[in-house]
Amino acid sequence: MSRIERRFAALKSAGRTGLVPFVTAGDPSPDGMVALLHGLVAAGADLIELGVPFSDPMADGPVIQHASERALAKGVGLANVLAWVAAFRETDAETPIVLMGYLNPIEMYGYAAFAEDAVEAGVDGVLMVDCPLEESHVLEPLRQAGLAQILLASPTTAEGRLARLCEAASGFLYYVSFAGITGAAQLSTGDIAERVAGIRARSKAPVAVGFGVRDAASARAIGEFADAVVIGSALVDRLSGAASAEDAVGRARDFLAPIRAALDAR
Amino acid sequence: MTEIADFHAWPDAQGRFGEYGGIYVAETLMEPLAELTAAYEKLRNDPAFIAELDRDLKYYVGRPSPVYHAERLSRHVGGARIVLKREDLNHTGAHKINNTVGQALVARHMGKTRIIAETGAGQHGVASATVAARLGLKCVVYMGAVDIERQKINVYRMRLLGAEVVPVTSGSKTLKDALNEAMRDWVTNVTDTFYIIGTVAGPHPYPQMVRDFNAIVGREAREQVLEQFGRLPDVITACVGGGSNAIGLFHAFLNDRDVRIVGAEAAGEGIATGHHAASLAAGKPGVLHGNRTYVLSDANGQIVETHSVSAGLDYPGVGPEHAFLKDAGRAEYVGITDDEALEAFHLLARTEGILAALESSHAIAQAIKLARELPKDALVLANLSGRGDKDVHTIAAREGIEL
């Protein structure tokens, strides 16, 4: 059983909803990155999505774009990201980490080399925003190495594809709660509950729901019907003004604590 | 080298040109792209649609554009005969209108009421605003803040045509960032919005659709050259940024194996300086803007900022079909520097009385190089893809002249 599977199994047997924070690697500070990852776990994270900065983040809204730009300006690359995961793993062997990003950085790193180095560092899966199921043959070396390929489903996904996604899902299936970019708009949770229930019934993997979750109330509403809740832009936004690594950890804690409490209270 | 039996048989059902192309986009766009592919597949074989498109191309765009034997230029160069396909004579002054007229008709058939587009130099933005005005569709054009500054006249032209021009301030604030922003808009507004991509890049079906709408350039030119000279050209050339005018010219000739095909990329200040936009000549296969193709990126896989005196060639990727043609050995791609393009611009102006766009001046420079190497009875066909009026300020500024 993989680390991701173990984590979701534990959540299920405890009757809890998973909390999945997203942060951009290297933001707000490269030096404080490992401390921030531990801080997320201390604040209640069950799994961490770590964004790999990319120069052309087509599917991301302004908050994550700017975080990406800040990290790139500090010279953050894929090798740094893997080094931070390896450092995190020295004292945390249980919290799964999924790298989220775009293909070109891995393409240039080399798929086979990346697969080997990512497993070695302790990465558990990848979510490649610009790699739908139809093109995922390029990720075969990653799957061979044991990395989960996290697939996305969205409100625009047609039935036929959805069935294929549910069948191919590994680690967890990420349901994008509305058509749009990260960090946009408010959710109307009533609309998506039924859809997610249908997907959960069919998916081979647990379903995490993200896009538009920004506070305890929206997290709690989503937590009613999802296996896990992903929270990204709102957290990245909160971290962006941090004055120091300690400040970033404090901000993550203050931001996530009420969300964790809301998820646990249901 | 791969043996390709029929170059007109691509892309395949997955939208791939060999290993290039494909659909590398976020999940949310998969269904809208599938809908577009289905609609386009139906329309491209529909006689009524084809007739409608032909009518627009004839009476609105002004096709066919002539093929012109540049005799004084040829004599000056002292080599082969140089022949120009005059896409600069189209309505709005460039080949871009061939594609926007076609896509706007597709948009209307799909019931979309809002057009979005990205633009670099502003030519595609103007061509999109033009067709939107004509069909009464709302039009939003995304343009990098840096490009808005260097192409003020085209920005104003778009506004005169009723389009909203949205400055893009992310990343390098140029064409690639405008494309990112247009994609974000499309993801968010897919139900009523049609995204008119201006070049043969992006996810399938765009590289195919944009090529199909521009392929009339090569079909006409092939017939015209045969009629005027009684034979096919020895070599054909066009400038390559994203590559829409080039694929437009090349496509009809791909199976004429004796016709040599040369694409001229922007070598900027020279490929060795790193200040260029020569994705095929100096890049590597990667993934950008929804397709697999040659891209210019650094060791970390970050897309680099490009340079060219011509904003329309200033793009770090290239259409996947060009990547395919390069690897198959069917087309060669070479760099033309800013200085070579400007020299060609002046030479064409003084010998033929034609102001070429800076983009097209790269093709002219390449045609001159090729003509020098060939005997006098040989034929070099170059795509004069656009007129240079938009570049007059850039050229004056570069030469220290205040207008």
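This is a predicted model: local features need pLDDT of at least 70, side-chain atom pairs count only at pLDDT 80 or more; totals for chains, interfaces and linings use all residues.
Residues are numbered from 1 along each chain as its sequence is written, and chains are lettered from A in the order in which they are written. Local features need pLDDT of at least 70 and side-chain atom pairs count only at pLDDT 80 or more, while totals for chains, interfaces and linings use all residues.

**View 1. Chain A meets chain B.** Here 33 residues of chain A are in contact with 30 residues of chain B (contact: C-beta atoms, placed from the backbone, within 7 Å). On the chain A side, α3 (62–73), α5 (103–109) and β6 (151–153) each give two or more residues, and α5(A) gives the most, with 6. Helices are DSSP runs of H or I with at least four residues, and strands are runs of E with at least two, numbered from the N terminus. By class, this side has 19 nonpolar, 8 polar and 6 charged residues (nonpolar: Ala, Val, Leu, Ile, Met, Phe, Trp, Tyr, Cys and Pro; charged: Asp, Glu, Lys and Arg; polar: the others, Gly among them).

View 2. Lys96(B) is found in helix α4 (residues 96–109) of chain B. Lys96(B) counts as buried because it has 30 C-beta neighbours inside 10 Å (the cut-off is 20 or more). Leaving aside neighbours within four places in sequence, Lys96(B) touches Gln123(B), His124(B), Ala127(B) and Gly198(B).

**View 3. Helix α10(A) packs with helix α12(A).** The axes of α10 (residues 216–223) and α12 (residues 245–265) of chain A are 8 Å apart, at an angle of about 30 degrees, so α10(A) is roughly parallel to α12(A) (angles under 35 degrees). Ala216(A), Ala219(A), Arg220(A) and Gly223(A) of α10(A) make the contact with Pro258(A), Ile259(A), Ala262(A) and Leu263(A) of α12(A).

Key
Two residues are in contact if their C-beta atoms, placed from the backbone, lie within 7 Å. A residue is buried if 20 or more other C-beta atoms lie within 10 Å of its own, exposed if 12 or fewer, and partly exposed in between; C-beta atoms are placed from the backbone. Axes are lines fitted to C-alpha atoms, for helices over the stretch in contact, and angles run from 0 to 180 degrees between N-to-C directions. Angles under 35 degrees count as roughly parallel, over 145 as roughly antiparallel, 65 to 115 as roughly perpendicular and the rest as oblique.
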